[in-house]
Amino acid sequence: MRIAGIYSFKRGKEQVEKKYPALLKEIKSVIAAVSAETHRTKVSEEKTMMGKMLYDPTALNKTIKADFFRRGWKSVKVPCEYPTKYYSSDYIPKALNKGSFREMDFVKSKLGIEVQFGKYSFMVYTCVPR
């Protein structure tokens, strides 16, 4: 695979390049190591694209995950507590799910990676802690 475009939100790209150059190199290596064509195995069942071969996001995710884990990246889950103090006094919220959490696909040295596949394309997002 290759990086087809980059959008730098609030100078995030520049911060990652400055603070995490070695990890950015790893991220690019993971992306470059994926042969996207070997994952074009899903047959479309949509009326407008019937029979067209598409990328299989499950297979792509599995390949990317294996490579990040091999390089020492970890998945991270952080429990979430949602405050109710901002509700109006006459509003009674439903019981909150005590198992709520936020999850980051891959984290290493405080740099997080979120991999997301769209309907027909795929993207990698990076997040930098404040």
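These are my notebook entries on a predicted model of one protein chain.

**Ground rules**

I number residues from 1 along each chain as its sequence is written, and I leave hydrogens and water out, using heavy atoms for side-chain values. Since I am reading a predicted model, I ask for pLDDT of at least 70 for local features and 80 or more for side-chain atom pairs, while totals for chains, interfaces and linings use all residues.

**Entry 1: confidence**

I began with pLDDT, the predictor's confidence in each residue, from 0 to 100. The mean for the protein chain is 83, and 88% of its residues reach 70 or more. Where is confidence lowest, and where is it highest? I found the lowest mean, 49, in strand S6 (residues 122–127), and the highest, 94, in helix H2 (residues 21–33). Over residues 120–126 the pLDDT stays under 50, and the model has 23 contacts there beyond four places in sequence. By contact I mean heavy atoms within 4.5 Å.

**Entry 2: the layout**

I counted helices (DSSP runs of H or I, at least four residues) and strands (runs of E, at least two), both numbered from the N terminus. The chain has 3 helices and 6 strands, and from the N terminus on they run α-α-β-β-α-β-β-β-β. I also looked at contacts between residues at least 6 apart in sequence: 54% of them join residues at least 24 apart. For burial, I call a residue buried under 20% relative accessible area, exposed over 50% and partly exposed in between, with a 1.4 Å probe and protein chains only. Of the 130 residues, 23% count as buried.

**Entry 3: helix H2**

For its 13 residues that gives 18 Å, and the end C-alpha atoms are 18 Å apart, which agrees. Which residues of H2 are buried? They are Leu23, Leu24, Glu26, Ile27, Val30 and Ile31. Seen down the axis of H2, these buried residues fall within an arc of 155°, so they line one face of the helix. The arc is taken from the directions from the helix axis to the C-beta atoms. Turned away from that buried side, I found the exposed residues Ala22, Lys25, Ala32 and Ala33. A reminder to myself: an α-helix has 3.6 residues a turn, so residues three or four places apart point the same way.

Ala66 counts as partly exposed because its relative accessibility is 34%.

**Entry 4: His39**

Next I looked up His39, in the loop between H2 and strand S1 (42–43). Is His39 buried or exposed? It counts as buried, because its relative accessibility is 10%. Leaving out residues up to four places away in sequence, His39 touches Val34, Leu54, Tyr55, Asp56, Ala59, Leu60 and Thr63. With Thr63, His39 also makes a side-chain polar contact of 3.2 Å. A polar contact is a pair of N or O atoms within 3.5 Å; within protein, one must be able to donate a hydrogen and the other to accept it, and residues adjacent in sequence count only if both atoms are side-chain atoms.

I treat two strands as paired if DSSP finds at least two bridges between them. Strand S3 (residues 74–79) pairs with strand S4 (residues 101–108) in the antiparallel sense over 5 bridges. In S4, Lys74 has Val107 as its bridge partner, and Lys77 has Glu103. S3 is hardly covered, with 0 buried residues among its 6. S4 also pairs with strand S5 (residues 111–117), antiparallel over 3 bridges, and there Lys108 stands opposite Leu111.

**Entry 5: positive phi**

Most residues other than glycine have a negative phi. In the hairpin of S4 and S5, with 2 residues between the strands, Ser109 takes a positive phi near 50°. Lys110, in the loop between S4 and S5, has a positive phi near 70°. Lys110 counts as exposed, because its relative accessibility is 65%. I found another positive value at Lys10, where phi is near 50°. Lys10 lies in the segment before helix H1 (12–19), and at 67% relative accessibility it counts as exposed.

Terms used: Expected span 1.5 Å × (residues − 1).
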